[in-house]
Structures are given as structure tokens and as C-alpha cells.
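Reader: I am new to this structure. Please show me how to read its main features, one at a time.

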Amino acid sequence: MTHASLKKYQQINKSTAQQASPYQLVALLFQKLLDNIATAKGAIIQKNYAKKGAEISNAISIIGVLQASLDFKQGGEISNNLASIYVYCSEQLLAASLSNDIDKLNEIAQILIPIKSGWDNIPLDTQQEVSF
């Protein structure tokens, strides 16, 4: 991608995020999180450890944002369970980074995919109730 194309792509992504509803923002975060994990796996295969570190760091940051957005008052047990999952995933991402463990990254993705899928399947009439 040329420099001008990359800049345009970044502007579109920034614009999309600025115009997104809270529901859409969380959906974007989940997608970016899974993208970071996939890119980190590729970086490990290519022995590009700097890129792997950056991608896993970004993934851990996104998990932190998702965790901080949990509403424990309204979400109750679901929020508590998600918080535990997010802590586990962050710890495992760090461990995967330290050992360049693709299997561990696959495990984390397999934990997150059903959560993302559940989020993506929230009915349209309920999506407006999401806060962030």
C-alpha cells in the first residue's frame, strides 16, 4: 500500500470509529482484536518479533478497553464472567508473546470468537441500548 493509500485508509477507519454507535464501536474493537492476534501469528511465523510484540500489545490494550467498558451494575454475572475471560486472555497473550506460542494465540482466538459472534448477533432493536 502506498503512503497516500495508507493515509486514506487510516482516515476512513478513524472516520468510521467517530461515527459509530457504542454497539458498533465494540464490534470494531472485537474485530481489531482478532485481527491483531492473526497478524501476531503471521509475525511469529515470519520471525518478525517486533511486529509480533506490537500486535500483541495492541491486542492487550483492546482487551483493557473492553474490560473497562463492562457495566458490572447492569451486567451482573455476565460482566463478571467477561472480566475473568478478559483477564485470562490478557495473561495468555503475554505468555504467548514471551514464548512465541501460536497454539496459545489460537486458543485465545477460539475463546474470543464466540463472544464476538454473540455480540454481532444482538438484535437491532437492542443495539441502541448499548452504552460505552
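**Reading the helices**

Author: Start with α4. Its 28 residues would reach 40 Å in a straight helix at 1.5 Å a residue, but its end C-alpha atoms are only 34 Å apart. Keep in mind that this is a predicted model.

Reader: Where is the kink in α4 centred?

Author: The kink is centred on Ile78, and it is about 70°.

Reader: How does α5 compare with its expected length?

Author: Helix α5 runs over residues 102–120, 19 residues in total. From first C-alpha to last it reaches 26 Å, close to the expected 27 Å.

Reader: What sits at the start of each of these helices?

Author: For α4, look at Asp71: one of its side-chain oxygens comes within 3.1 Å of the backbone nitrogen of Lys73. For α5, look at Asp101, which caps the N-terminal end. There a side-chain oxygen lies 3.0 Å from the backbone nitrogen of Asp103.

**Reading the packing**

Reader: Which residues of α4 are buried?

Author: The buried residues of α4 include Leu82, Tyr86, Cys89, Leu93 and Ala96.

Reader: What should I look for in a core?

Author: Here is the general idea. In soluble globular proteins, nonpolar side chains tend to be buried together. In this model, the largest nonpolar core has 29 residues. Those with the most contacts inside it are Leu33, Ile37, Leu66, Tyr86, Leu93, Leu105 and Leu112. Helices α2, α3, α4 and α5 each give two or more residues to this core. The largest share, ten residues, comes from α2.

Reader: Take Leu33. Is it buried or exposed?

Author: Leu33 has a relative accessible area of 0%, so it is buried. Its place is in helix α2. Set aside its neighbours within four places in sequence, and Leu33 is in contact with Ala59, Ile62, Ile63, Leu66 and Leu112. Now compare chain and space: Leu33 and Ile56 are 23 residues apart along the chain, yet their C-alpha atoms are separated by 9.0 Å.

Reader: Is Asn36 buried or exposed?

Author: Asn36 counts as buried because its relative accessibility is 0%. This residue also lies in helix α2. Beyond neighbours within four places in sequence, Asn36 is in contact with Glu55, Asn58, Ala59 and Ile62.

**Reading the loops**

Reader: What does phi tell me?

Author: Most residues other than glycine have a negative phi, and most peptide bonds are trans. So look for exceptions. Lys47 is not a glycine, but its phi is positive, about 60°. Asn100 has a positive phi as well, near 50°.

Reader: Where are Lys47 and Asn100?

Author: Lys47 is in the loop between α2 and α3. Asn100 is in the loop between α4 and α5. They are 53 residues apart in sequence, and 9.2 Å apart in space, C-alpha to C-alpha. Lys47 has a relative accessible area of 59%, so it is exposed. Asn100, at 28%, counts as partly exposed.

**Reading the salt bridges**

Reader: How many salt bridges does the structure hold?

Author: It holds two. In one, the side chains of Glu55 and Lys51 meet, at 3.9 Å from N to O. Both residues lie in helix α3, four residues apart, about one turn. Glu55 counts as buried at 12% relative accessibility. Lys51, at 36%, counts as partly exposed.

Reader: What about the bridge of Lys116?

Author: Lys116 pairs with Asp120, and the closest N and O atoms are 2.4 Å apart. These two are four residues apart in helix α5, so about one helical turn separates them. Lys116 counts as buried at 14% relative accessibility. Asp120 is partly exposed, at 34%.

Key
Residues numbered from 1 in each chain as written. Predicted model: local features only at pLDDT ≥ 70, side-chain atom pairs only at ≥ 80, totals over all residues. Heavy atoms only, no water. Expected span 1.5 Å × (residues − 1). Polar contact = N/O pair within 3.5 Å; in protein donor to acceptor, adjacent residues only side chain to side chain. Buried < 20%, exposed > 50% of the residue type's maximum accessible area, 1.4 Å probe, protein only. Contact = heavy atoms within 4.5 Å. Bend = angle between axes of the 7 residues up to and from the residue. Core = buried A, V, L, I, M, F, W, Y, C linked by side-chain atoms within 4.5 Å. Salt bridge = Lys/Arg side-chain N within 4 Å of Asp/Glu carboxyl O.
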